[in-house]
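I opened my notebook for a structure that was new to me.

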Amino acid sequence: MPGPKVRRRPNFIFIMSDDHAAHALSCYGSKIAKTPNLDRLAREGAMFTNCFVTNSLCAPSRATILTGKYAHAHGVLTNAHSLDPKTVTFPQLLQRAGYLTAIVGKWHLKIQPKGFHYWCVLPGQGRYFNPEFIEMGKRKVYKGYVTEVITDLCIEFLKRTKGRPFCLLCHHKAVHRPWRPPPKYARLFEGVEIPYPETFDDDYKNRASAAAHADMRIADMPDYKSEMPKGLSPEERKKWNYQRFIKDYLRTLKSLDENVGRLLEALDKLGLAENTVVFYTSDNGFFLGDHGWFDKRFMYEESIRVPLLVRYPEEVRPGTKIPHIVLNVDFAPTILDYAGLPIPKDVQGRSIRPLLRGQSPKNWRTAMYYHYYEYPGPHWVLPHYGIRTERYKLIHYYTTGEWELFDLKRDPHEMHNVYNDPASADV
């Protein structure tokens, strides 16, 4: 009689974009973005509807994903901080266990990547056209559009795996500012007026002073100043900037989605899809005109909520929607769990594998912790920490002593701070 089936160690592809808000995917209900290839991942795998970051900023989020720790534990509190080279990351643990490891694209952590057999990363933010990369320590310019170049390099890596278990981090620059689409999509949405968000004309009243203090208003963004028609009123300028910005964002996103499709097709052609866990997420959310803003950083929903799509045919039922609160501290322990490796005791996240199996652990978190540190600095968002439960959000701006409390059921757009309402005292 044949013995029990021995399950192969799964491969991993971790696709991460930059500044891709969850409300800019059609599978998450976007009214303006069409993302058919990302929708395919949701259709063939699982979609998490409450995935959040613990510090909505590039470098801290990336360090959290690599380590499974909060910013105060790994030390990358802001974009100015560097990850300690002695810090252990999940790619290092996979490499030690025999996995072939690679990272292609955005790195943004100041130190040289460790734990990778192959690495080819953008210096700093990188550029969209004819991007320069640091490939295994040497600088090299690749001709073309950065999203396509990153995808090409990832596909080439897949072809070299030759049956070895692998972990590939595909980290896109898109859709980070400045929003530069490829020429073939440069005229997409031309002549179309993109709908405005419900909170586009937020006046920041009935909130802590931090909202009015922040410098990220669509009306004042300098990106398209040289192209703006003269003589516009402040209201006209705000709408003109929004249309210019959101169209470039969506055009850049179109290319990102297309290249996710290319990577999925390569997996199919190489016969790797069945035994590969594919993740898609973003390093943080983004305001797409919500509250009249661009950028992120605040603990408001559009900034902290990120997409999380996971496909693994051997274990995840297609079309699964998972409402549990999951965080970017959970990604590292999840990958280690699937690889059959022990999760280090100092890792602060939890494996989401039980959720992907359709289980609902009784002791799963019902609240999450957030902390933003970078001030003074770009966009002037005051430092704050907070707790978000399934219904409520409490935020403390500790440099001004102000508090905000939102009832997310009654006020999903977070327009009415009820912290000083006597009826909210118990909450």
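My entries follow, one topic at a time.

**Ground rules.** I am reading a predicted model, where local features need pLDDT of at least 70, side-chain atom pairs count only at pLDDT 80 or more, and totals for chains, interfaces and linings use all residues. Residues are numbered from 1 along each chain as its sequence is written, and side-chain values use heavy atoms, with hydrogens and water left out.

**Cavities.** I looked for cavities (on a 1 Å grid over the protein atoms alone, sets of points where a 1.4 Å probe fits but cannot get out; lining residues have an atom within 4 Å of a point). I noted 3 cavities of 30 Å³ or more. Helices (H or I, at least four residues) and strands (E, at least two) are DSSP runs, numbered from the N terminus.

**Core.** Next I checked the nonpolar cores (buried Ala, Val, Leu, Ile, Met, Phe, Trp, Tyr and Cys residues joined through side-chain atoms within 4.5 Å). Buried means under 20% relative accessible area, exposed over 50%, and partly exposed in between (1.4 Å probe, protein chains only). The largest core has 73 residues, and F12, F48 and F298 have the most contacts inside it. Helix 9 (residues 331-338) supplies the largest share of this core, 5 residues.

**Salt bridges.** I then listed salt bridges (a side-chain nitrogen of Lys or Arg within 4 Å of a carboxyl oxygen of Asp or Glu). The whole structure has 36. K106 pairs with D18, their closest N and O atoms 2.4 Å apart. K106 is in strand 4 (residues 100-106) and D18 in the loop between strand 1 (11-17) and helix 1 (36-44), so this pair ties together parts 88 residues apart in sequence.

E156 is partly exposed at 38%, and K159 is partly exposed at 47%.

Key: On a 1 Å grid over the protein atoms alone, a cavity is a set of points where a 1.4 Å probe fits but cannot get out, and a pocket is an open set with protein on both sides within 12 Å along at least five of seven lines; lining residues have an atom within 4 Å of a point. Grid points are joined across faces, edges and corners, and a volume is the space filled by probe spheres set on the points.
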